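Here are my notebook entries from a look through this model.

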Amino acid sequence: MKKHLLTLSIVLMSLTSASALATTYISAKALLDVETGELKANPLIAIDKGVISQIQFNKKPKLSSNDELINLPTLTLLPGLMDMHVHLTSDPTVSRSERLGQSVPRMAIKASYFAKQTLEAGFTTVRNLGAEGYSVIAVRDGVNAGDIIGPRIWAAGPSLSITGGHCDNNRLPPEMKYTATGVADGPWAVRIKVRENIKYGANAIKLCATGGVFSKGTKVGIQQYAFEEMKAIVDEAHMRELPVAAHAHGTNGIKTAIKAGVDSVEHASFLDDEAIALAKEHGTWLSMDIYNTEYTLSFGEQNGVDEENLNKERLVSKKQRDSFKRAVEAGVNMVFGTDAAIYPHGDNAKQFSRMVEFGMSELQAIQAATINSAKLLKADKQLGQIKTGFAADIIAVNTNPLKNISTLEQIPFVMKAGVIYKQ
């Protein structure tokens, strides 16, 4: 991982610097230490080859002829934000019936467009949990090569699903004999599917442990994969050192996924005391998308969302927020995950205020999107903090986010790997 990040940083830095020896400095009004919550005045950050090489306070830089100073005297610095659940190929304003006609190349183009929007919103790292045709893997590789603009991407490839479950495609008639790419049944079949995803470049794996809100004919509370199947998926992925995310709304599916050893549970809508205790015992991360229900219930009908799916959203929304509050109070590991694509890409940060409203402190919400997400990805030695030796993924905001979390919704400055993408 260190080698990968350093290589990417060097490639990107070469695009903007006349000399490989040049140093970029950033000075600002303040820097938020996301570990401690301390707001430190007058930081001066030195960046070499896309990596933070020094951090000082109340100092002026000594510039050589090739060095650059970025002065942000009214802004507060934070590490780049991280969203652990996005779907870059999907557009919430396009109905699901219309999406059936989209080719994989069209999906990849959509994902490229939304990747740029996401980065400009301050999210320098995302985890894409499911896309057909390995389309987002191609976008990730394009970002890494410098062909297109976007965040760092952990891409799961096609989501694993039982036949006819959430993450299969149940909207076409049987005579078309269509099955989604990630469908596999039985322990050995799911192992083969994990291997196939890895073969084509996945650096994360997603399984669908229960029904879902936006699929046809599934019930959100009903478990899909059996324990033996989930365990096989997890064992195969972990053997290859890939994190596993489990889509799970229903209580039994959540518990089974945790017992099977998944790294994160997505949505986690119907938690009971046992599920919360299991998550704490196993150190499982919960990724709970508690903002998007507002968008779906406000705009879903005009966007062509079926009544079946709107009814499921009504069933889930309050329960999920209650579960979120209880999980926070219990001290369960939490990361920031929005399910962006259910609401517009680039609006990811609107979830922060809801996380605070339903139980988190401002610092906890920011930590979910920085140090916690980096820990989930096992990249916490390179990402998630403004710290010497870390990638220079840095954003700036207009006001102290510990006083006004909504300031994260309007990011005036974005840097990834030492390269400025918004100023």
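**Entry 1: strand β10**

I began with strand β10 (residues 244–248), which is mostly covered, as 5 of its 5 residues are buried (under 20% relative accessible area with a 1.4 Å probe, protein chains only). V244, A246 and A248 point one way, A245 and H247 the other way. Strands here are DSSP E runs of at least two residues, and helices are H or I runs of at least four.

A note on the source: this is a predicted model, where local features need pLDDT of at least 70 and side-chain atom pairs count only at pLDDT 80 or more, while totals for chains, interfaces and linings use all residues. Residues are numbered from 1 along each chain, and side-chain values use heavy atoms, without hydrogens and water.

**Entry 2: the neighbours**

I then looked up pairing, which takes at least two DSSP bridges between two strands. β9 joins β10 in parallel through 4 bridges, with I205 partnered by V244. Between β9 and β10 the chain passes through helix α6 (residues 227–239) in a right-handed crossover. On to β11: β10 pairs with β11 in the parallel sense over 4 bridges, and A245 stands opposite S264.

**Entry 3: the whole sheet**

I read the strand order as β9-β10-β11-β12-β13, an open sheet of 5 strands with parallel pairing. β9 (205–208) and β13 (334–335) each have a single partner strand, so one side of each lacks a neighbour in the sheet. I also checked β11 and β12, which pair over 3 bridges, with V265 partnered by L286.

Notes: Buried < 20%, exposed > 50% of the residue type's maximum accessible area, 1.4 Å probe, protein only. Right-handed = clockwise from strand over helix to strand, strands pointing away.
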